[in-house]
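Take a look at the model below. The tour begins with a charge and then moves on to helix packing and salt bridges.

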Amino acid sequence: MPDTDSPLTHFDAQGQAHMVDVAAKPETHRVARATGRIRMLPATLALIASGQARKGDVLGIARIAAIQGAKRTSELVPLCHPLPLTRVAVSFDLDEVASAVHCTVVAETVGRTGVEMEALTAVQVGLLTIYDMCKAADRGMVMEGIQLLEKQGGKSGHWVAG
């Protein structure tokens, strides 16, 4: 029986890891929005912006990778429930001042548990793909600021990062 006083829902009363039982929860529309960025050399950002990177359309491929990441989250994070995603929207913004690419993902489902992990995984996989496609030009790229911005739905309702 789970320890209902603990905020760590993935551990039972004996401290053993377990998958949370969501069977009694109602299905609701759930949305999560996450973000992150990858900093790079200005020349690397210019390659991405021009579409002339040796491996092709960096942002187009990173968008598909991010969507795949969201869809495969339960395969990567051991205690995540597999979710029927109804939407994954990925946007990239080039930031010349910071010499960075910002990634924002909105993930949605109608289900018994939230899509925060799917949105966060999608951001990270999208940024990793940018790194992979551009590492020959810039091995010093830095991924940072990966965070949940907002979640809606479920018992805890609407939450926005402060």
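Glutamate 118 is buried, meaning under 20% relative accessible area, where exposed is over 50% and partly exposed lies in between (1.4 Å probe, protein chains only). Leaving aside residues up to four places away in sequence, glutamate 118 touches Ala70, Thr73, His81, Leu83, Leu85 and Ala107. Contact means heavy atoms within 4.5 Å.

This is a predicted model, in which local features need pLDDT of at least 70 and side-chain atom pairs count only at pLDDT 80 or more, while totals for chains, interfaces and linings use all residues. Residues are numbered from 1 along each chain as its sequence is written, and side-chain values use heavy atoms, with hydrogens and water left out.

Glutamate 118 sits in helix H4. Helices (H or I, at least four residues) and strands (E, at least two) are DSSP runs, numbered from the N terminus. How do H2 and H4 cross? The axes of H2 (residues 58–71) and H4 (residues 116–134) come within 7 Å and cross at roughly 145 degrees. Axes are lines fitted to C-alpha atoms, for helices over the stretch in contact, and angles run from 0 to 180 degrees between N-to-C directions. The residues in this contact include Ala62, Ala66 and Gly69 of H2, and Glu118, Val125 and Gly126 of H4.

Now the salt bridges. The count comes to six. Arginine 39 pairs with glutamate 144, with the closest N and O atoms 2.8 Å apart. Arginine 39 lies in strand E1 (residues 28–39) and glutamate 144 in strand E4 (residues 142–152), so the pair ties together parts 105 residues apart in sequence. Arginine 39 is partly exposed at 33% relative accessible area. Glutamate 144 is also partly exposed, at 23%.

Glutamate 108 bridges to arginine 87, with closest N and O atoms 2.4 Å apart. Glutamate 108 is in strand E3 (residues 100–111) and arginine 87 in strand E2 (residues 85–95), 21 residues apart. Glutamate 108 is buried at 14%, whereas arginine 87 is partly exposed at 40%.

Lysine 135 and aspartate 132 form another salt bridge, 2.4 Å from N to O. Shared partners join Arg37, Arg39 and Glu144 into one network.

Methods:
Lys, Arg positive; Asp, Glu negative; His and termini not counted. Salt bridge = Lys/Arg side-chain N within 4 Å of Asp/Glu carboxyl O.
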